[in-house]
There are 2 protein chains.
Amino acid sequence: MQKDLKKWMGNALLEAEKSFLINEVPIGAVVVHNNQVIGRAHNLIEISQNPTFHAEMLAIQEACNNLHSWRLNDCDMYVTIEPCLMCAGAICSSRINHLYYGAPNRKFGAIESLYHVLDNQQLNHHVSVKGGILDDQASNLMKAFFKRARRRK
Amino acid sequence: MQKDLKKWMGNALLEAEKSFLINEVPIGAVVVHNNQVIGRAHNLIEISQNPTFHAEMLAIQEACNNLHSWRLNDCDMYVTIEPCLMCAGAICSSRINHLYYGAPNRKFGAIESLYHVLDNQQLNHHVSVKGGILDDQASNLMKAFFKRARRRK
């Protein structure tokens, strides 16, 4: 099991590296269904000038296209950084089964940092959550990104 | 001022009616900039099988396309029903200035019902919020939708 978590998170990290290469905040996500990636994406906010183009949002939409359904009940999400409010909401609305993430996001994270939104017992869908998967690699990529951005300024 | 709020919310209600006509949960939204609607949309989840196609999300993306920017600092949003978690997050991330909404959403609302997410002082952007604009019309449309749905079942 532990090996699989790392394998899928490795896929999400490859996505995050794609963002890094094009100067986007390096966050990547994959949606896994029946042991297969059915959605993969990386953050594309600046290039698209679309504030909703977070990795999680794009990966969810690709997965829904592939399943021809907005319900992802039997799917898991792997994302390199703790999701923000918008993405946590989308993860819950799309009925993702398990959410695995890498490093916390102290500024924007809605799972354990700024909020604990998925803990609300009144929600009509409950996502099981586990953080800390390959968190060092995820946070090192973020640190390298912001270091480079500061240097360029 | 009060008259303008009703005018723009009237636009959002027209959008909500479009959802009603195609059997989608009737919620509509507009984004207003310099006294002009630059984004208008209605809920399209079922027809698109895309869980992110809430009225607010689509209106924000249209507004960003029109302004060629993911930042909507000088824009206001009018939405007929209290936004959910995902949409509240998108409204904050896109830096909408004022959020006006109609009726509360006791099951999914993230502003005053299930959560009060926009009250968090640690957020890097603060949205001013006012609910209760043409709330009767917004909630009557929702009630009519669910009554019809139950009858059809």
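A residue is called buried here when its relative accessible area is under 20%, exposed when it is over 50%, and partly exposed in between, using a 1.4 Å probe and protein chains only. The structure is a predicted model, in which local features need pLDDT of at least 70 and side-chain atom pairs count only at pLDDT 80 or more, while totals for chains, interfaces and linings use all residues. Residues are numbered from 1 along each chain as its sequence is written, chains are lettered from A and ligands numbered from 1 in the order in which they are written, and side-chain values use heavy atoms, with hydrogens and water left out.

Confidence comes first. The pLDDT, the predictor's confidence in each residue on a scale from 0 to 100, averages 96 over chain A, with 98% of the residues at 70 or above. For the complex, the predictor reports an ipTM of 0.96 and a pTM of 0.97.

Next come the aromatic rings. Rings of Phe, Tyr and Trp (for Trp, the six-membered ring) are paired if their centres lie within 6.5 Å; planes under 30 degrees apart count as stacked, over 60 as edge-to-face and the rest as tilted. A:Tyr78 and A:Tyr100 form a stacked pair, because their ring centres are 4.8 Å apart and their planes meet at 25 degrees. The pair joins distant parts of the chain, with A:Tyr78 in strand 3 (residues 75–81) of chain A and A:Tyr100 in strand 4 (residues 98–103) of chain A, 22 residues apart. Helices (H or I, at least four residues) and strands (E, at least two) are DSSP runs, numbered from the N terminus. A:Tyr78 has a relative accessible area of 4% and is therefore buried; A:Tyr100, at 6%, is buried too. In chain B, the rings of B:Tyr78 and B:Tyr100 are stacked, with centres 4.8 Å apart and planes at 25 degrees. Both B:Tyr78 and B:Tyr100 are buried.

Charges also sit over rings, a label given if NZ of Lys or CZ of Arg is within 6 Å of the ring centre and within 35 degrees of the ring normal. A:Lys7 is placed over the face of A:Trp8, 4.3 Å from the ring centre, and B:Arg148 over that of B:Phe20, at 4.0 Å.

Finally, helix 3 (residues 55–67) of chain B deserves a look. Its buried residues include B:Met57, B:Leu58 and B:Ile60. Just after this helix, B:His68 adopts a positive phi of about 55 degrees.

Definitions and conventions:
The expected span of a helix is 1.5 Å times one less than its number of residues.
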